[in-house]
Structure formats: structure tokens, C-alpha cells
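Here's a quick briefing to read alongside the model. Have the viewer open as you go.

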Amino acid sequence: MEESLRNQYAHVPERISGLVDLAYNLWWSWNPEVRALFKQVSPQAWKESVHNPVRMLREIPIQFLKLAAENPAYLRRYDIVMRRFKKYLNAAGTWFSEQYPGDSSLTVAYFSAEYGLHHSLPIYAGGLGFLAGDHLKESSDLGLPMVAIGFVYSQGYLHQQINPDGWQEDITEPLDHDMAPITRVLSPTGEDLIVQVPHIDPPIYVAVWKVDVGRIPLYLLDTDIPCNDPQNRGISSRLYTGDLEQRLRQEIVLGIGGRKVLHALGIEYAAVHLNEGHPAFASLERIRERVARGMEFEEALEQVRSTSVFTSHTPVPAGHDVFPTDLIERYFKAYYPALGIDWNEFLQLGIHPQLANSGFNMTAFALRTSQHHNGVSRTHGSVTRQMWRCLWPGTPEATIPIDHITNGVHVPTWLNHRMRDLYDRYIGPTCPNWLTEHDDLTIWELIDEIPDAELWYLHTWLKAKLFNRIHEQERSRWADQHRQGTPHPAVGGAYLNPSTLTIGFARRFSTYKRAHLIFEDLERLKRILNNRWYPVQIIFAGKAHPADNEGKRVLQQIYRYAQQPEFGGRITFVEDYSEKVAQYLVHGVDVWLNNPLPPMEASGTSGMKASLNGVVNLSILDGWWTEGYNGKNGWAFGSEAGAGSGRDAADATAIYNLLEKEVIPLYYNRSIDDIPHGWVKMMKESIKSNGPRFSARRMVKEYVIRYYPALLQATEATYNGAIPTGEKTTRWPLNWEPQVKDRETGDPFSL
Ligand SMILES: *Cc1c(COP(=O)(O)O)cnc(C)c1O
């Protein structure tokens, strides 16, 4: 344990002080045995902390800790978990070390503006963040040498509160750094490490926090420090600020500052993975360093290109930042001369060939400065090639160098632990370590051995857990509203019935996701929901971006429908969608509905999380589902509908037809044992066909197998065989001195 942490947790008895180490490594979050270790200290304290070990260890009365430290049964479990933890951190024999034995492994630096890791660390907005979080967790499990860079946002969470009128209010809750699993990175002399972003005037300074994601250190940049002026302090206050200049400054800090911070930490790495275009300036800095060493720009660009992977995540225009040229000039006029090119050559790096006057396009820049690029599903790969074919004029679409690697979700994070126990019971006798080989398709065939009744009863139990959770949230909201004198009709789930077929629809309220689609024909929907013999209920959840009034209007409309008695109380809106709410929903509803406007859903991942737990997808053919749907593992629609104004009506009709003719009859078709065997069959199909294929394990392995050898080769050429191997431990390098020089450029650090 680091010295500063030890002082803060002096009240934790020495015998169980490893709990502090566990609390600061998110490894606990995807290992149920570790969660249980915290819970066993005091279930009430665990609950009060909202399942946040850091908060729990800070707030818990000392006597609980003392009792645990004297309880032999507890200590036995503690010792076993601690031993496993140490073994995990030091593990040899990982998949990666078997693939790439010897010294020839290079560290990949992963850059992303957001990470969805756990709700106690609010540095995410949506799918992109969870994808990044799952990528790190899986890379850790596979033993990939990786270091990651992101931001800590001081305004933390945007909570959603719906006012009586159905309008979303955005409530910011400042991040309490003490309650998050992060530690401030100090210099060896014990002061906060402060790094200056190079060549930016007036200067921007960043402080650094660290969170351990299993074996992978994630460094989070923070500009909210006294040596910055107020505008600079605000750079890291919130994710994706709408202020274009501040947004540019964020991306400069993330890319260029991030690169600098890794050097200041003495972490050597040789390849970069850019998650979306936001951190792409990291490549600029890598080029500048090489030019400073005397290399020609062209050669420097080529070296950087050959060691960069860029993943594009969306065809939605708002996902691709474009900065006006005058803004770029303001921030880069002192920087670009260091690249050894003129202003026009610099600008050309970010110009969209067909929209030359629109400004500096981060995606165009990222594509030009990386050699390996991919979309996140087969369909999205093709859409991305069409979007960017102008960068490769004359090249036939099929040979445009944009690949796809379909997204996947981290199985230990998203598979409910009771489901996991059930799978263990029936897969285990044949394949005891199935979870370590969970991307093997054949293993999942054993799902068929689970008796229908067991799977069905567990599903029903998870559904009850979901409803309990929603009822509890509704109860406390009702009490709050009465205290504040603003009671409004219950739409938050008071009327949910566990024996009713339940559809879940939860995601960001972006317009292209079409949350309103199922309301296209109100009369028909009412008939479906209110059917006396075969009722249906729908649970909605999701936030609109604070600046997205259109998204908020859609949400308001749904909220109003939920209040109307004609819908029979069958529509529920759950406030404040988050990782925690998502966990309950993807475990507990019967059907996961997804109906974005094709081809806007690049991949989508919530449906993968659902299917892992036996929740059946009813989804339009877009994103991952065009690969996932096999005719018997759920329902698909939307391939027949053309574009244009009739699209919404056609897609909605397809949903109604499927519900009436297939989904509802299958669900309510019970045998004498009251189990819908046909439905359970489909649940099993869904689990076994999607579980391995849409796992982050399959995804990360694909990234490694597809790109790693080329990165390795390019790096060997660059470094004449002496490959930087990156940080070996999660601790400070022992040889660190405050005045070391940048290993690549020889520049002294700005501390
Ligand atoms: C998985 C997840 C998402 C992404 O879901 P999509 O299906 O890609 O829209 C967004 N938010 C949360 C909280 C999630 O867990």
C-alpha cells in the first residue's frame, strides 16, 4: 500500500489492511468473491456505501472492522482472496504471455476521453465509455501490457431529475475525490506531480490521478489545480463540453498532455490505441518528439502511423469533432513550427477533402496519422469506409483500409453473479475453468444442459430484484417530492407486475435511437399493453445530453404517455440511468428492445449485456445484431424498410406484428408446470450464441491478433530492436528522479 493511503486508512486493522488495496483496484468489481469480502464486513455498510468499497472503508464504524479482523472464518476468506489478488497482479501464464513469449512485447497506450468502469467513478457518458472500460478490464484479464490515459471530471455526474412536466433537469454532483477509487500521483519528493502541456501558450498544467484496473494503470488528467487560471481549471470540469474552444483545449490536454504525462511517469510504450478521435493529438506530439530528435517530418509521421490504431465509433456527425481554423491557429501557431512543416501542410492533416472549409476534422486527422483503423461492427466498418472513401481517392470501397472489429462486453462485469453460478453448475462438470475460456463457442453449447425450470426461476428472481430496486427508487422519490411540495403522478414503476411480459428500453436519448418509435400508433400500442389476457409492460430509462432539447422533448413525451391512464400504468420511466440501473435492467427484463435508425447504431452493446443473462433481443437489423441474429435467438426486423418518411411507421408496424404474432404468444404459452419452455429455449439460444461471440475477450484478442504483430514489427524497426516495454509494475519506477529527461526527445520535464 502506498504511504499516503496507509495514513488515510490508519483505522483499518493491520490484519485486514489489504482491503484498502482491494478497494483501490477495480478488480474487485468484476470478482464476486471480492465483493462478498466487503459485504461480509457489514452488509448494511456495504449498502450504505452504494457498493463503493472506498466510501465504505472511510465511513464504516471501526468496531465492524475490528470484529472482522478477529473473526477466524472471515480471515480465512480474506487470506484466500488476498492470495488470489497478488497472484493475479503478478501472473505469468496469461493468454498474452503465451502468445508473445519472451521480451518481445511492447506496451500499448490506450487513450480515451471516457471510461465506464463502475458507478463510483463517474467519468463516462455512455456506450463509448463502457466499451473503453470493458476493453481495459479484458486486457487486464488477458495479460496485455497496457497503460491508459483519460480525464477525471470534477463536475462528475450529471444526474437526471424529471420535473412534474416531464422535462429533464440536469443536476451536477461534484466528484468527491475522496470517495472515488483514485489516488493522486505524487512525485518522488512527495508533492503532487504537475506536468505542463508543451508548446501551448498560455501554459496549461495538469495533475494526475491513478486508478488500477486489475493489472492496468489508468492515469486520469486533472486541470482543476491552483496553478491554472480559471479557464484552464475548467478544462477537465465536464465530459464533452459544448463550448467549442474548451472542447479543443480538452483534446489538446488529453492527447498532448496525456503523452507528456506518461513520459513524466517514466512509462515507456511504443504503440497507441486511440479510442475515437478525441485524443488524436497524441499522434501530433509523438511526431513532434521525433522531429525534435532530428527526424524529417515525413519519416516521423510514418513511424507514428505504423504504430497507431484508431477506432471510430459512430457515423453520427456530432461524434466527429470539427474545429474552426481560427481556433486551431490560436492554439497551434506556437506548436506547428516544431513539426518542421508549414501552416498549410499542418492544416491539411485535418481537412475533410469534400468539406475543406469546414475546419479541422479530428477523424480525418486520426485516419491520416494512423495505419490501422477500424469500425466497431461489420456494418459499421462498411459505413465508415463509405464515409471516408474521399481520403483514398480512386480506391474501390472494398479495399479502403478501414477494417472492423465488432464490439464485445466484459463477461465477468455484465453476467449476473447468480447466473454465473448457475452456468458454473452445468458447464463446470465438463469444463471447470470455463470462464477463463469463455470465448470458446463450443463450451456455451453446454447451456442446453441447464434444466428449463432452473433458468426460468432464476430469471424470475432477477426480474423481482429489478422491480424491487425500481419500487425502492420510486418510494424515495415520492417521499422527496412530497417534502418539496411537488408531488406528481407515479410513473416510476409502482404498477409493475412481475408476471407480465416486460420490455426494457434503456439508452441515451439521442434522436437516432428513436425511443418514441413504439408510440407511432398509439391505439395499437394501447391494445397491446392493455390486453386482458396477455398484458405487456415497458420500462424506459435514459438521459438526454444536457444540450439536446430534441432528446429532452422525446423523453417528455414518453413521460407524459406514462402518466396517461389509457396506457394502464403499463409504461414506466426509471430516472437517472446509470451503470447500476443498467445492471439491474439487463439482468431482469424479458425482452430488450432496440430500434435505432439504421445505419446510425455503429454497434450497440446493451443488447449484448442482456443476452448474456438470458434476456432476449427484439432489435432492428443494425450494428451488432446484423451479426448476432441467427433466426432463433431473438427477433429482428427492419431489413425491408426503405429510408425516407415512411420508415418510422414501417418499423413500428414490424414491432407490433412481431409482438402480437410471436413474442407475446411465446411468452404466455405455459406448460402444466407454468414454465414457458419455448421461451426458455430462446433464452438459451440467446445466451449460447451471443455470449462468446460478443465478449470483450473475443474483441480484445481480435485487436491483438490483427494489429499486434504489425505494431511489434514497426516498433522493432523504429527502435532497432530495443523495444520499450512499458511499466512493469503499478508502482513508481525505482530509478525515477525529478529531473529526468524525456526518453524520446531529451527534453527536460516541466515539473
Ligand atoms: C452498455 C451501456 C450503454 C451503451 O448501450 P447501447 O446499447 O450501446 O446504447 C450506455 N449506458 C450504460 C449505463 C450502459 O451500461
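Predicted model: local features only at pLDDT ≥ 70, side-chain atom pairs only at ≥ 80, totals over all residues.

A polar contact here is a pair of N or O atoms within 3.5 Å; within protein, one must be able to donate a hydrogen and the other to accept it, and residues adjacent in sequence count only if both atoms are side-chain atoms.

Residues are numbered from 1 along each chain as its sequence is written, and side-chain values use heavy atoms, with hydrogens and water left out.

**Around the ligand**

- The ligand is surrounded by 14 residues (a heavy atom within 4 Å counts as near), and the closest are Lys513, Gly604, Thr605, Ser606 and Lys609.
- An N or O atom in the side chain of Ser606 sits 2.5 Å from a ligand oxygen, and a polar side-chain atom of Lys609 is 2.6 Å from an oxygen of the ligand.
- Of the 390 Å² of accessible area that the ligand has on its own, the protein covers 95% (Shrake-Rupley method, 1.4 Å probe).
- The elements giving two or more residues to this shell are α9 (127-142), α24 (579-588) and α25 (606-612); helices are DSSP runs of H or I with at least four residues, numbered from the N terminus.
- Domain 2 (104-404) and domain 3 (411-694) each supply at least three shell residues, with bounds from an automatic or database domain assignment.

**Helix α12**

- The 12 residues of α12 (residues 281-292) should span 16 Å at 1.5 Å a residue, and the end C-alpha atoms are 17 Å apart, which agrees; the expected span is 1.5 Å times one less than the number of residues.
- Most of α12 is covered, with 11 of its 12 residues buried, meaning under 20% relative accessible area (1.4 Å probe, protein chains only).
- Among the buried ones are Glu285, Arg286, Arg288, Glu289 and Arg290.
- Just after α12, Gly294 takes a positive phi of about 105 degrees.

- Val586 belongs to helix α24 and is buried, at a relative accessible area of 1%.
- Val586 and Leu220 are 366 residues apart in sequence and 29 Å apart in space, C-alpha to C-alpha.
- Asn31 lies in the loop between α2 (18-23) and α3 (32-41), and is buried with a relative accessible area of 8%.

How values were computed
Buried < 20%, exposed > 50% of the residue type's maximum accessible area, 1.4 Å probe, protein only.
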